[in-house]
Amino acid sequence: MTNKNQITELKHLAKRYAHANRLPKHEALNEIAKLLDFPHWAGLAVKEKQGWVPSAEQLASVRDFVMKSHPSLGENTGGNECLMLRHLGEPIRQGRIEGHAYRVFESIGDVLMEGNGWRILIGEAQFSQPIVEVEESHSGRPPVYERSFLSAALAIADEEATKMRSRIASDWPRRATKPDMNGEIVHPIHGDRVAMWYCLHCESKISGAQLAESLWHCPGCGASPIDIFSSPFWLEDGTPEPKPVEWSKTQKRPEPRIDVVDSRSRLALSKKNIVLLLRAALVEDASTPGERLGALLAEISVDDDNDAWITLDEDLWPEGKEPEEVIAVANMLGVELELEGTCMTAPFAWPDLGHMTSSTREYVQALLDAYAEHGSVDREGTSD
């Protein structure tokens, strides 16, 4: 490799690094130079004119450095393609902190870190507040209550979040993360290009430079890029212009918020679910096609006290047949059950046909034959 080719590769790597980290190219060049023990790129350029060339080991170290921010740089699959190839639920990183195991997952731009009885969520937005969840049902004191453990865990989660943001920035056009000389920036989704933007969520006014810094999340409320527009089209005539968002480059993210949660599955005995369970039991009680139709068409109601009543068609459900499964399920749910009958709701003529066999296939054939002989069969159907 010639001297020129080696320097060109360094510049190319710096460009990739700048894109992934939303930096001006000259800052990225300086970062590369410092990695090679130069104070800045200008110092490297002077030495290059005097015949200096990076060694193979130095080039490899620069590639590794850039790869951390731009994984798709290498020949192997990386970036979003790597995420797509990972099995669902497979961690992107795992290890131990102070003896406690952890796993890190990505979730559509967010980073989730979890261990026994705790989890940490780092949002896609650069300054989003970390959420620490502690399982209420966990026995013992989870380690996230210890400051040293939480700091170490946040450092790991932040490192993965930085990689995730870099992958996102690398997938966007360069002008979506770097304003031009007029301050204009390109929306990574809509494609609009202006210098001032508006948040639909909090109705603030945001500069392109602010959005580039915050990875297109509103610096004021954290709204995602889909809520950022090039004009406040939702405002009515005469409405005051939105105010600029309060934000500074020295802004720091909030301290982590700790929530005590209970994420165990819960059985909600709502009216809807009670009706569903009672109907399933009623279908199990049915032994003929007619009874099954009766179970499917029965009116089942539940009041505010969780008392239920079932109205069955007497032509479909035999009088005197007690639905044992329904009664048993109602008792298990603590539901006071009342049964009543009605008539004239059977969907087909000759409802007695539904009780002559236990086979739905045989019932349908008998139904078709009866309609063909004594009426007609409309195979094209009509709208209800």
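# Notebook: a predicted chain

**Trp350.** I looked up Trp350 first, and it counts as partly exposed, at 35% relative accessibility. My cut-offs are under 20% relative accessible area for buried, over 50% for exposed, and partly exposed in between, with a 1.4 Å probe and protein chains only. Trp350 is in the loop between β14 (337-342) and α11 (360-374). Its phi is positive, about 50°, although Trp350 is not a glycine. Most residues other than glycine have a negative phi.

**Ground rules.** The model is predicted, so to speak of a local feature I need pLDDT of at least 70, and for side-chain atom pairs pLDDT 80 or more, while totals for chains, interfaces and linings use all residues. I number residues from 1 along each chain as its sequence is written, and side-chain values use heavy atoms, with hydrogens and water left out.

**Whole chain.** I found 11 helices and 14 strands in the chain. Along its principal axes, the C-alpha trace spans about 105 × 55 × 55 Å.

Of the 384 residues, 38% count as buried. I also looked at contacts (heavy atoms within 4.5 Å). Among those between residues at least 6 apart in sequence, 60% join residues at least 24 apart. The chain exposes about 22600 Å², and carbon and sulfur atoms supply 50% of that area. The areas come from the Shrake-Rupley method with a 1.4 Å probe.

**Asp37.** I noted another positive phi at Asp37, near 70°, and this residue is not a glycine either. Asp37 lies in the loop between α2 (25-35) and α3 (41-49). Is Asp37 buried or exposed? Asp37 is exposed, with a relative accessible area of 71%.

Strand β1 (residues 93-97) and strand β2 (residues 100-107) run antiparallel and are joined by 5 bridges. I count two strands as paired if DSSP finds at least two bridges between them. Arg93 has Val104 in β2 as its bridge partner. The hairpin has 2 residues between its strands, and Glu98 in the turn has a positive phi of about 50°.

**Phe149.** I then moved to helix α6 (residues 147-171), where Phe149 is found. Phe149 is buried, with a relative accessible area of 0%. What does Phe149 contact, leaving aside its neighbours within four places in sequence? Its contacts are Ile97, Glu98, His100, Trp118, Pro143 and Val144.

**Ala212.** My next entry is Ala212 in helix α7 (residues 208-213). Ala212 is buried, with a relative accessible area of 6%. Arg22 lies 190 residues away along the chain, and the C-alpha atoms of the pair are separated by 7.1 Å. Leaving aside neighbours within four places in sequence, Ala212 is in contact with Arg22, Thr177, Pro179 and Ile185.

**Sheet of β9, β8 and β10.** What is the order of the 3 strands in this open sheet? I read it as β9-β8-β10, with antiparallel pairing. β9 (205-207) and β10 (228-229) stand at the edges with a single partner strand each, so one side of each has no neighbour in the sheet. Strand β8 (residues 196-199) pairs with β10 over 2 bridges. Tyr198 stands opposite Phe229 in β10.

**Ser204.** I placed Ser204 in the loop between β8 and β9. Ser204 is buried, with a relative accessible area of 7%. Not counting residues up to four places away in sequence, Ser204 touches Trp197, Tyr198, Cys199, Cys218, Pro242, Lys243 and Val245.

Strand β12 (residues 299-302) has Ile300 and Val302 on a covered face, and Glu299 and Ser301 on an uncovered one. β12 pairs with strand β13 (residues 308-313) in the antiparallel sense over 4 bridges. The bridge partner of Ser301 in β13 is Trp309. I counted 5 residues between the strands of this hairpin, where Asn306 takes a positive phi near 65°.
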